[in-house]
Amino acid sequence: MPVHLFTFHAHGSWMPDRPEGFVQRKRGVLPTDSDMALAYRSRQTKPDATFTLETREAMITVLRDSAVPQNFELHAIATDPSHIHALIAWHDDRTAVRMRQKLKESLTRSLNQRFDRRTWFGRGGHDRRVRDRTHFDHLRNTYLPGHAGPNWFSSDR
């Protein structure tokens with residue numbers, strides 16, 4: 001049974017000039033780069049998105065409501081204004097890429113219906129396979145609760 005931590009970033013929220021650095025696809029976390037941030041912004045065609053308290057609460061509801069019809073187990077959700085994490089497991093042969101795509105589609109569709117239609121998320125998303133129970137427990141009990149919230153955690157530990 002695969003267990004993954006999926007991350008979806010608000011569109012335009014993790015630019016290269018962030019003091020903490022930025023994430024670049026296939027290269028991981030990189031140090032701050034102001035010149036690259038200018039280049040990214042010059043190519044950006046849609047406005048930045050920020051997840052408000054209301055949109056974060058809506059995303060939690062969407063993910064919770066999607067678990068049964070999309071046949072996955074939801075263990076935790078953590079949010080902040082720039083991103084949302086979902087810790088999920090599933091029992092069939094769907095790939096992590098497919099699961100991430102379906103979750104993102106559900107979130108986008110719901111946010112577009114409830115709020116303004118816009119580009120909510122950056123391209124793709126990120127997923128990290130949970131290695132073992134120790135890794136799962138760290139994510140569930142330490143890493144995810146450290147987010148600014150609102151957050152949600154299943155009762156299973």
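**View 1. Lining of the second largest pocket in a predicted model.** The lining of the second largest pocket divides into 6 nonpolar, 8 polar and 1 charged residues, where Asp, Glu, Lys and Arg count as charged, Ala, Val, Leu, Ile, Met, Phe, Trp, Tyr, Cys and Pro as nonpolar, and the others, Gly among them, as polar. The volume of this pocket is about 340 Å³, and of its 15 lining residues Thr-7, His-85, His-126, Arg-128 and Tyr-143 are the closest to its centre. The largest share of the lining, 4 residues, comes from α4. The model is predicted, so that local features need pLDDT of at least 70 and side-chain atom pairs pLDDT 80 or more, whereas totals for chains, interfaces and linings use all residues. Residues are numbered from 1 along each chain as its sequence is written, and side-chain values use heavy atoms, with hydrogens and water left out.

**View 2. The largest pocket.** The largest pocket has a volume of about 920 Å³, and among the 27 residues that line it, Val-23, Arg-25, Tyr-40, Gly-122 and Arg-123 lie nearest its centre. By class, this lining holds 7 nonpolar, 12 polar and 8 charged residues.

**View 3. The largest nonpolar core.** Of the 27 residues in this core, Phe-6, Leu-63, Phe-72, Leu-74, Ile-88 and Phe-121 touch the most other members; such a core is a set of buried (under 20% relative accessible area, 1.4 Å probe, protein chains only) Ala, Val, Leu, Ile, Met, Phe, Trp, Tyr and Cys residues joined through side-chain atoms within 4.5 Å. A second, separate core of 10 residues includes Leu-5, Ala-89, Val-130 and Leu-139.

How values were computed: Buried means under 20% relative accessible area, exposed over 50%, partly exposed in between (1.4 Å probe, protein chains only). On a 1 Å grid over the protein atoms alone, a cavity is a set of points where a 1.4 Å probe fits but cannot get out, and a pocket is an open set with protein on both sides within 12 Å along at least five of seven lines; lining residues have an atom within 4 Å of a point. Grid points are joined across faces, edges and corners, and a volume is the space filled by probe spheres set on the points. Helices (H or I, at least four residues) and strands (E, at least two) are DSSP runs, numbered from the N terminus.
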